[in-house]
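Please look over the sequence and the structure that follow.

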Amino acid sequence: MRLKGQPPQTATFTRKTDALLWAQRVEADIRAGRHFPGNEARKRTLAELIERYRREVLPQYGRREQKQRSSKLAWWSSKLGTRLLSDLTPAAISEAKTRLAGGEGPSGKPASPATQVRYLAALRHVLAIAKREWQWVGDNPAQQVRAPREPRGRLRYLSEEERDRLLEACKASDDPRLYPFVIVALGTGARRGEVVGLRWRDIDLQRGTATLQETKNSERRTLVLAGRVLEVLRELGAVRRIDTDEVFTGRHGIAAFPRKPWDAALKRAKIEDFHFHDLRHTFASHLAMSGATLAELAEALGHKTLAMVKRYAHLSEQHTSHVVGRYVERFLG
């Protein structure tokens, strides 16, 4: 089809009806100013688009998110950066995704489905900005590429007996940071990096709160400090170093996760198939078994939606069934 003052638009259809519908839609979009025939797409490469995104969009995110997105976009640029945006097809993106799955990613190892999903999401967002705000493309070809199905998330948590063995092993560690580090993670559900990043200026021992300045979703979050967690931090605060504001400063003067002491404590406690992140699962699982709703779990863990906490739903349901059972037995005999 051709409109006066506009470059010709072409598409191929097997049925005349589909062709007529397409022509009507494109003509309506052009007249309404919604259709961008591709002048920029024919001049700009994906590498140019990614570079503009880095300059104008990435600074809006936290340092952690910037670093993660930047590395993924650098990979896309290395594989498809020389392509004009007009030549960036779903097939080309899908082929690159297949290469990522086959081991051509930065790590040199086959990318898991979860990793592929995150790489694809990064490219989709770049192209969405290019379409919606900059009008560099008329369509987002990455939206047409199927994301692999992610496996169900791991759910390993400590039993009360395992908890006792682990905490005793942490107390016996040569590294004095390990026990309080684990107590804070176990009592707040904070991620490892969030615990490492704790600063005394962000901790209010009177109110029993700690503010996380940098989180996974780039938003501030407040942790509730209660019971043993608050006691441990007060003990640390009484003997804190004056040359740093970091809570868990190591021997070399910087905050870090005590990896070797942690591994040794797991071995000493005879706890198998357990990662540090599973302390977060332990926090969430026992909250669920204590009767917390999914909404309360999401808030405690810092998730924006309920989707990420649905893995704990069955634990909450078990608790609810016990509560209902006791009610029926007592009230209805």
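## The chain as a whole

Of the 333 residues of the chain, 40% count as buried, where buried means under 20% relative accessible area, exposed over 50%, and partly exposed in between, with a 1.4 Å probe and protein chains only. The chain has 14 helices and three strands; helices (H or I, at least four residues) and strands (E, at least two) are DSSP runs, numbered from the N terminus. Among contacts between residues at least 6 apart in sequence, 63% join residues at least 24 apart, a contact being heavy atoms within 4.5 Å.

This is a predicted model, in which local features need pLDDT of at least 70 and side-chain atom pairs count only at pLDDT 80 or more, while totals for chains, interfaces and linings use all residues. Residues are numbered from 1 along each chain as its sequence is written, and side-chain values use heavy atoms, with hydrogens and water left out.

The buried residues of helix 11, which spans residues 259-269, are P261, W262, A265, L266 and A269. They cover an arc of only 140° around the axis, so they sit on the same side of helix 11; the arc is that of the directions from the helix axis to the C-beta atoms. On the other side of helix 11, K260 and K267 are exposed. The buried residues pack against helix 7 (160-171), helix 8 (178-188) and helix 12 (278-289).

R268 also belongs to helix 11, and with a relative accessible area of 46% R268 is partly exposed. When residues up to four places away in sequence are not counted, R268 touches A169, A172 and S173, and the side chain of R268 reaches the backbone oxygen of A169 at 3.0 Å. The C-alpha atoms of R268 and L166 are separated by 8.1 Å, although these residues are 102 residues apart along the chain.

## Helix 7 and helix 8

Two packed helices are described by the angle between their axes and the distance between the axes. Helix 7 and helix 8 pack at an angle of about 145°, with their axes 7 Å apart; axes are lines fitted to C-alpha atoms, for helices over the stretch in contact, and angles run from 0 to 180 degrees between N-to-C directions.

Where the two helices touch, R163, L167, C170 and K171 in helix 7 meet L178, Y179, V182, I183 and L186 in helix 8. The residues of this contact divide into seven nonpolar, no polar and two charged, where Ala, Val, Leu, Ile, Met, Phe, Trp, Tyr, Cys and Pro count as nonpolar, Asp, Glu, Lys and Arg as charged, and the others, Gly among them, as polar.

E162 lies in helix 7 and counts as buried, because its relative accessible area is 14%. Its side chain makes a polar contact with the side chain of R156 at 3.0 Å; a polar contact is a pair of N or O atoms within 3.5 Å, of which, within protein, one must be able to donate a hydrogen and the other to accept it, and residues adjacent in sequence count only if both atoms are side-chain atoms. Not counting residues up to four places away in sequence, E162 touches R156, Y157 and I271. The C-alpha atoms of E162 and L266, 104 residues apart along the chain, are separated by 9.9 Å.

## From helix 11 to helix 12

Most residues other than glycine have a negative phi, and most peptide bonds are trans. In the loop between helix 11 and helix 12, K270 has a positive phi near 55°, and K270 is exposed, with a relative accessible area of 70%. D273, in the loop between helix 11 and helix 12, has a positive phi of about 50° although it is not a glycine, and D273 counts as exposed at 52% relative accessibility.

D278 lies in helix 12 and is buried, at 1% relative accessibility. The side chain of D278 reaches the backbone nitrogen of H275 at 2.8 Å.
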